[in-house]
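This report describes a model with the sequence and coordinates shown below.

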Amino acid sequence: MELHSAGENALILYLGDTASAEVSARVQAAAQAVEHVLGADLVDLVPSYASLLIIYDPLRTDHLAVSHKVRECVATLDAVAAGEGKLVVLPVYYDPEAGADLASLAENAGLGIEQVIALHSDCEYRVYAIGFAPGFAYLGEVDARIAAPRLATPRQKVPRGAVAIADRQTAVYPAVSPGGWNLIGRCPTRMFDPSAEPTMPVSVGDRVRFEPVSRARFLELGGEL
Amino acid sequence: MSLRVEQPGILALLQDGGRFGQHRIGLTNGGPLDPQAFDYCNRLLQNPPGSTAVEISFGGAELTAETDTFVCLTGADMGLRINGEPAEQWRVLPVRAGDVLSMGFAEKGSRAYLGVAEGFSVAPHFGSSATVMREGIGGLHGDKLGAGDSLPCPTVHQRHLRYLPREQQPHYHDIVTVRVIPGYQQKFFSRYQQRRFFSHAYHVSARCDRMGYRLEGPAIECDIDGILSEGICFGAIQIPADGQPIVLLNDRQTIGGYPKIGAALSLDCGQLAQLRPGGRVHFAPITPHAAHNALHLAHSLMCRQRLPEWAP
């Protein structure tokens, strides 16, 4: 465990240096413990792959008191089991029509499109972090055979619902935005809906599985092409 | 009851104190780029802290009062006029329905805050009225103000006519010293690179906005290319591959994978955000203790400051 200064009212706690379900589970457990121990002194938390950014109110407490409390509560964290989050199944229409990079990704990987779809949808992912944009969930880890680097030139406009791969991460774009990830399909589920409760179908620590659906089913579920 | 936007100018945004506690769904803070000028605006108007005001960047805004109320403009001098007559900034001014408030363009500084008595009545979105255009959240419709927008506010007949004496008004210069709390990936910047960062001047590039101020100057090298994406706090100074620092501000992304050398003190970020492209920035390292002290000192001075009244 390492705890560093981040800013005038922020500390960053590192619980590992690689992305893994175990480290992520520790981050989750630490987030809960820190939230509890800091109470009203806490302003916000940003859990990520292996770190937890802790933002506190500097007019109520200071970095010495916060780091003392954080060290103490993290030292006594119980061993936590990974994979306890809820399972969310997201339908995906995988097709070159819905994922502009599906064919080239398959070609570069030396695989058929069907194999890419099978590899992407056959496993369970973990939500490691949420950020970049509202509702953008970083999911890992993608099978190494279909991992693909970011595009050299990011797209100006990635459609809402685009399912994409960057290195060994995958995600569903929650809204139209610029983006450099490889697009392989489209998901009809809204990943961020300000008027819904909850606003997001997933949170950090949840498990996600992608389920291939037909074009007709995708449209029936409210998907747009 | 409202103020009607006739001309929004270059960029006008409704802002309150900011949106907090929503990083876990990826929402950033928003809020005023220059909190000092924003806080003065509400204090002069005797509004609760963090009441919604309009942040006007660079100037050019024109609004018509559709009710009797009191207004106050703080921050950069934009040559405020009411019905064409020059009017004082940093001062509570009575306006009547039909009065036209117009602004020119700032010559020094770039952000000003237009407040009304009781603040603008805007429904909060995720706990705040702060507009973040990138997210399409806050304000009237998640976007900057446009001509014809109506900013709801109550009719008010009684207000102390407070003002901030000229000698106490902030000055906006072309040179700002930004205090920095070293942190984050600091250890991956060699001593030589850190000395370089703290001993040279940087200039504000044309790429400066509410997300962050990108600076130009001696390139800073980091021993590592990238990191596992992690949370980014307000003021964090990111050093991307080209070595040119970016000070991340109110509308920053909440997580990212570039190394960071530390974070700027919030008290100085307001001054930084008043700079325009070409403005000069020096960085000075301070300890977390000194930063904490500076925040409390600023808060204490603000609490003890008396704002006098003027007679019409």
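## A core residue and its contacts

Leaving aside residues up to four places away in sequence, L53(A) touches A6(A), A10(A), I12(A), L45(A) and V46(A), and also E230(B), G231(B) and C233(B) of chain B. The model is predicted.

L53(A) belongs to the largest nonpolar core, which has 111 residues; L53(A), I54(A) and L272(B) touch the most other members. Helix α1(A) gives the most to this core, with seven residues. Another core lies apart from it and has 44 residues, including L14(B), V54(B), M78(B) and L164(B).

## Confidence

For the model as a whole, ipTM is 0.96 and pTM is 0.93. Chain B has an average pLDDT of 96, and 100% of its residues score at least 70.

## The side of chain B that touches chain A

Between the chains, 31 residues of chain B are in contact with 35 residues of chain A. On the chain B side, the elements that give two or more residues are β15 (230-231) and α4 (288-304). The largest share, five residues, comes from α4(B). This side of chain B consists of 16 nonpolar, 12 polar and three charged residues.

## Domains of chain B

The domain assignment divides chain B into domain 1 (2-164) and domain 2 (175-300). The centres of these two domains, taken over C-alpha atoms, are separated by 28 Å. In chain B, 17 residues of domain 1 are in contact with 12 residues of domain 2. The domain 1 side of this contact has four nonpolar, 10 polar and three charged residues.

An unreviewed UniProt entry lists residues 24-301 of chain B as "domain: Carboxyltransferase". Over residues 24-301, chain B is 15% helix and 27% strand, and the end C-alpha atoms are 34 Å apart.

## Helix α1 of chain B

Helix α1 of chain B covers residues 35-44, and seven of its 10 residues are buried, so the helix is largely enclosed by the rest of the structure. The buried residues are P35(B), A37(B), F38(B), Y40(B), C41(B), N42(B) and L44(B). They pack against the strands β3 (53-57), β5 (69-75) and β10 (111-116) and against helix α3 (266-274), all of chain B. Just after α1(B), Q46(B) takes a positive phi of about 60°.

## Backbone exceptions

Most residues other than glycine have a negative phi, and most peptide bonds are trans. Two cis bonds in chain A are described here. One joins G140(A) and E141(A), with omega about -10°; E141(A) is in the loop between β7 (137-140) and β8 (155-158) of chain A. The bond from E197(A) to P198(A) is also cis, with omega near -5°, and P198(A) is in the loop between β12 (182-186) and β13 (207-212) of chain A.

In chain B, N83(B) is not a glycine but has a positive phi near 50°. N83(B) lies in the loop between β6 (81-82) and β7 (85-86) and counts as exposed because it has 12 C-beta neighbours inside 10 Å. E118(B), also not a glycine, has a positive phi of about 75°. Its place is in the loop between β10 and β11 (150-152) of chain B. With 19 C-beta neighbours inside 10 Å, E118(B) counts as partly exposed.

## An exposed loop residue in chain A

A40(A) lies in the loop between α1 (21-38) and β3 (42-47) of chain A. A40(A) is exposed because 9 other C-beta atoms lie within 10 Å. The C-alpha atoms of A40(A) and E8(A) are separated by 18 Å, with the two residues 32 apart along the chain.

Note on methods: Residues numbered from 1 in each chain as written. Chains lettered and ligands numbered in written order. Predicted model: local features only at pLDDT ≥ 70, side-chain atom pairs only at ≥ 80, totals over all residues. pLDDT = per-residue confidence, 0-100. UniProt positions renumbered as here; feature names shortened; annotations may be inferred. Helix = DSSP H or I, 4+ residues; strand = E, 2+ residues; numbered from the N terminus. Contact = placed C-beta atoms within 7 Å. Nonpolar A, V, L, I, M, F, W, Y, C, P; charged D, E, K, R; others polar. Buried ≥ 20, exposed ≤ 12 C-beta atoms within 10 Å, placed from the backbone. Domains from an automatic or database assignment. Core = buried A, V, L, I, M, F, W, Y, C linked by C-beta atoms within 7 Å.
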